[in-house]
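Here's a friendly walk through the structure shown below. Take a look at it, then read on.

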Amino acid sequence: MSTPTTWRPPKLIANPFLRYGLISFAVLYLICSLVPNLVPYVSLDIDWARAGRGLPRAADMLKRMVPPDFSRWELLQKGVFESVRMALAASLLGMILAIPLGLCAARNLVPMPVYLVGRAMLAITRTFHEVIIAIFFVKIFGFGPLAGVLTLVVASMSFIGKMLAEDIENMPPGQLEAIRATGASFPKMLLYAVQPQMLPRYLGVSIYRLDANIRHSTVVGIVGAGGIGQVLAASFSRYDYDFSLAILLTIITLVFLGEFFSNWVRGRLR
Amino acid sequence: MTVDEHAQKYPEVWKRFTPRQTLIRYAWYLGVVFVAIWSLDTLEIPWFYFLDAHEEAGDLFARMIPPYWAFFGDIAGPLIETIHIATLGTAITVLLALPIAIIAARNTTPNAFTWFIGRFILVASRSVNTVVWGLVFVAIFGPGPMAGIWSIAARSIGFVGKLVAEAIEEIDQGMVEAIEATGASRLQVLLIGVIPQVLPVIFGTIVYRWDINIRESTVLGFVGAGGIGIVLYSSINQFAWHEVSVMLIAIFGIVLVSEFVSATVRNHIT
């Protein structure tokens, strides 16, 4: 048996059948999905001629975007403030509502029927995209920031609730048993065994959610639920691309500041 | 020590916090409540909308039941298109996120300027929501799945790139030095010293993002970027709630399945 003289890095997938199988599957998938009308139902309906004209169109759009037009800054400022307020209000309400939801979805605290209801609520609220939820709230509460706030509340509630439930389930049971052994009632157990272990991470996740909500508050506006997104969608539909770029730059700055703030607070919490 | 002093030093009732800590805590609570009231108050929410909200909601659900099951035949195509948009968008992300992550990581970026560019791309990509990217790409490529694929990619690059860049910054520098000491070129150092260390993170993040992207691609149709969203939006606009409920059930199904697939694959990788 000869000794190899050149070194080869080890492959990520050791099994050659699986490796080549996955590669050929990927190639086959690309061909079947991208070539128009190759396989009925599976192939994407892409108009390649139209897509080919995309590049000059992008250049043209860019030309109309630059320089960004900040002259309507009053509208911009109003939208930004509305978005920030929506995010703040929604994060706080979501934080509060997440506690009962998270407790109900933790297997080690509640009986089976409650657990199943809690988990089902988490699954349903997490599955649907914010925009779908927003449409329903717009239908029920009419256009404007109220629908946006409620959408973000639902989204934050299920996000924080899921984290909370999983943390409670992974909690070391020692303290819980110790407090239970003193004869504490269920609320006291929550207060003295669960809350001290959960609080730092709960606050961390909530602060993270605040900055996520700032990002999401820009999109619920597209279906008419208020905030800067509504201004952005309007400017796009009027082909006001220079104003759109101004809004996009503002959103990027806002998100960047929000993220900076959230990282700073989370660093302090640790 | 008098009895009083003793009682003060060793109280019989145990308290978790000192008075000072309690005071600071209540100051925080007050601050948070103030922010909540300020943000809700200035949003000018028409509270009277809540008066008939339950009727509106009840009306909506009454119209959604029973679901118009035969509609499943009409939405099979759009559903497959939704999955394609998410998958192909994620595939483009694989190709684009890695180079951007490399220039955005402090230890692999060539110089300060490229680092800034890398960071800016990541922040810009993440700040703009998928649906907002949808608006941009529909203007470029025209309505259809092509715009959807690129919007998914544009948003995912920031997500995947950020996590991969963070992983690159935390790699074991010893391996990189070992490869450099053999006289390897920069590219070889990257390929053999850096990338194998972060491959599990790359694949894990990609699979995780794919399942988020399935969720996001369900609403891309609202701005015309293909998938089930187009049908959903038109059914909502026609108040065809029987069809809407069928689509919601279908979306719930594919999102749950994709979440399950993604979790299984991630368990195998790590």
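Predicted model: local features only at pLDDT ≥ 70, side-chain atom pairs only at ≥ 80, totals over all residues.

Now for chain B: helix α4 (residues 72–104) and helix α9 (residues 186–217) cross at roughly 150 degrees, and their axes come within 9 Å. α4(B) and α9(B) are therefore roughly antiparallel to each other.

The crossing of α4(B) past α9(B) is right-handed. On the α4(B) side, the contact includes B:Thr82, B:Ile83, B:Leu98 and B:Ile102, while α9(B) brings residues including B:Leu190, B:Ile202, B:Arg209 and B:Trp210. Sorted by type, the residues of this contact come to eleven nonpolar, seven polar and one charged.

Over in chain A, helix α8 (residues 174–181) packs against α9(A) at an angle of about 165 degrees, with the axes 9 Å apart. That angle is why α8(A) is roughly antiparallel to α9(A). Here α8(A) passes α9(A) in a right-handed crossing.

Who does the touching? From α8(A) come A:Gln175, A:Leu176, A:Ile179 and A:Arg180, and from α9(A) come A:Met189, A:Tyr192, A:Ala193 and A:Gln197. That group splits into five nonpolar, two polar and one charged.

## Where the chains meet

## The nonpolar core

The largest nonpolar core has 142 residues, and those with the most contacts inside it are A:Val131, A:Ala134, A:Phe137, B:Val164 and B:Met247. Leaving out residues up to four places away in sequence, B:Val164 touches B:Ala97, B:Leu98, B:Ala101, B:Val198, B:Val201, B:Ile202 and B:Thr205.

Most residues other than glycine have a negative phi, and most peptide bonds are trans. A:Tyr239, though, has a positive phi near 55 degrees; this residue sits in the loop between α10 and α11 of chain A. With 12 C-beta neighbours inside 10 Å, A:Tyr239 counts as exposed.

In chain B, B:Phe239 has a phi near 55 degrees and lies in the loop between α10 (228–237) and α11 (241–269). B:Phe239 is exposed, with 12 other C-beta atoms within 10 Å. Finally, B:Ile65 and B:Pro66 are joined by a cis peptide bond, with omega about 0 degrees; B:Pro66 is in the loop between α3 (53–64) and α4 of chain B.

Terms used: Residues numbered from 1 in each chain as written. Chains lettered and ligands numbered in written order. Core = buried A, V, L, I, M, F, W, Y, C linked by C-beta atoms within 7 Å. Buried ≥ 20, exposed ≤ 12 C-beta atoms within 10 Å, placed from the backbone. Contact = placed C-beta atoms within 7 Å. Axes fitted to C-alpha atoms, helices over the stretch in contact; angles between N-to-C directions. Helix = DSSP H or I, 4+ residues; strand = E, 2+ residues; numbered from the N terminus. Parallel < 35°, antiparallel > 145°, perpendicular 65-115°, else oblique. Left-handed = near helix turned anticlockwise from the far one by under 90°. Nonpolar A, V, L, I, M, F, W, Y, C, P; charged D, E, K, R; others polar.
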